[in-house]
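Please examine the fold, the metal site and the surface of the following protein in turn.

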Amino acid sequence: MFPLFAVLVAVGMAVFVATPLLARESAATSSLPVDVTPLSDLKRRRLVVYENLKDLEFEYQSGKLAAQDYQSLKQNYLGEAATLMAASQEAEQLKEIDALLEREVAARRASRKNRLPQDYVCPKCGFENPVPVKFCGECGTKIGPLSH
Ligand SMILES: [Zn+2]
């Protein structure tokens, strides 16, 4: 009885330890394509491009690079930076739209919550009837749209 229990605990621990590692690995591989990359990753990659540009500038200034190579490499980096910038802006907009939709849904949910009790609450005594009723269960007053 006891050894079996110990084995189960050991297996459970192994799974518990391994799961975050596996999850992290799959998250890293799934974030590779540009169009699904999170905003922070886009910013990080843009910073890398800017670092490369600075290095390129430095190498050119110190005479390690031909002017032609410098120009073409610079254009490559600038193009990459522009692409990443556009992707960031798109991601930013999507985030704003998400936030907007979330607020909309929340507002709608709140208004539904506010509207529902209209059929339940007695306007005279304020008693909250458990179901929509024509007459208040407490004082007998006619209630709302169901009364006609
Ligand atoms: Zn009432």
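Methionine 85 is partly exposed, because its relative accessible area is 32%; buried means under 20% relative accessible area, exposed over 50%, and partly exposed in between, with a 1.4 Å probe and protein chains only. Together with Leu47 and Tyr50, Met85 forms a nonpolar patch on the surface, and the accessible area of the three is about 270 Å² together. Patches are made of residues with over 30% relative accessible area and no salt bridge, like charges being joined within 9 Å and nonpolar side chains (Val, Leu, Ile, Met, Phe, Trp, Tyr) within 5 Å. Accessible areas come from the Shrake-Rupley method with a 1.4 Å probe, and for residues only the protein chains shown count as cover.

This is a predicted model, in which local features need pLDDT of at least 70 and side-chain atom pairs count only at pLDDT 80 or more, whereas totals for chains, interfaces and linings use all residues. Residues are numbered from 1 along each chain as its sequence is written, and side-chain values use heavy atoms, with hydrogens and water left out.

The protein chain contains three helices and zero strands, and its elements run α-α-α from the N terminus on. Of its 148 residues, 14% are buried. The accessible surface of the chain comes to about 11,800 Å², and carbon and sulfur atoms contribute 62% of that area. Among contacts (heavy atoms within 4.5 Å) with a separation of 6 or more, 30% join residues 24 or more positions apart.

The metal site comes next. The zinc ion has as its protein donors the SG atoms of Cys122, Cys125, Cys136 and Cys139, lying 2.3 Å from it; donors are N, O and S atoms within 2.8 Å of the metal (3.2 Å for Na, K and Ca), and since water is not among the atoms, sites may look incomplete. The donor residues follow the spacing C-x2-C-x10-C-x2-C in sequence. Cysteine 122 and cysteine 139 are 17 residues apart, and both lie in the segment after helix H3 (67-115). Cysteine 122 is buried, because its relative accessible area is 2%, whereas cysteine 139, at 38%, is partly exposed.

Why is the arrangement around the zinc ion tetrahedral? The four donor atoms subtend angles of 105 to 115°, and therefore the arrangement is tetrahedral. Four donors count as tetrahedral if all angles lie between 85 and 135 degrees. The ideal angle for four tetrahedral donors is 109.5 degrees.

Charged side chains form a further group of features. The whole structure has four salt bridges, each being a side-chain nitrogen of Lys or Arg within 4 Å of a carboxyl oxygen of Asp or Glu. One of them joins glutamate 51 to lysine 54, with the closest N and O atoms 3.4 Å apart. Both residues lie in helix H2 (residues 39-61), three residues apart, about one turn of the helix. Glutamate 51 is partly exposed at 41% relative accessibility, while lysine 54 is exposed at 55%.

Helix H3 also holds such pairs. Glutamate 92 and lysine 95 form a salt bridge in which the closest N and O atoms are 3.7 Å apart; the two are separated by about one helical turn, because they are three residues apart in helix H3. Arginine 108 meets glutamate 104 in a salt bridge of 3.4 Å, N to O, and these residues lie four residues apart in helix H3. Arginine 108 is exposed at 54%, whereas glutamate 104 is partly exposed at 44%.

How values were computed
Four donors count as tetrahedral if all angles lie between 85 and 135 degrees; four count as square planar and six as octahedral if opposite donors are over 155 degrees apart and all others between 65 and 115; anything else is irregular.
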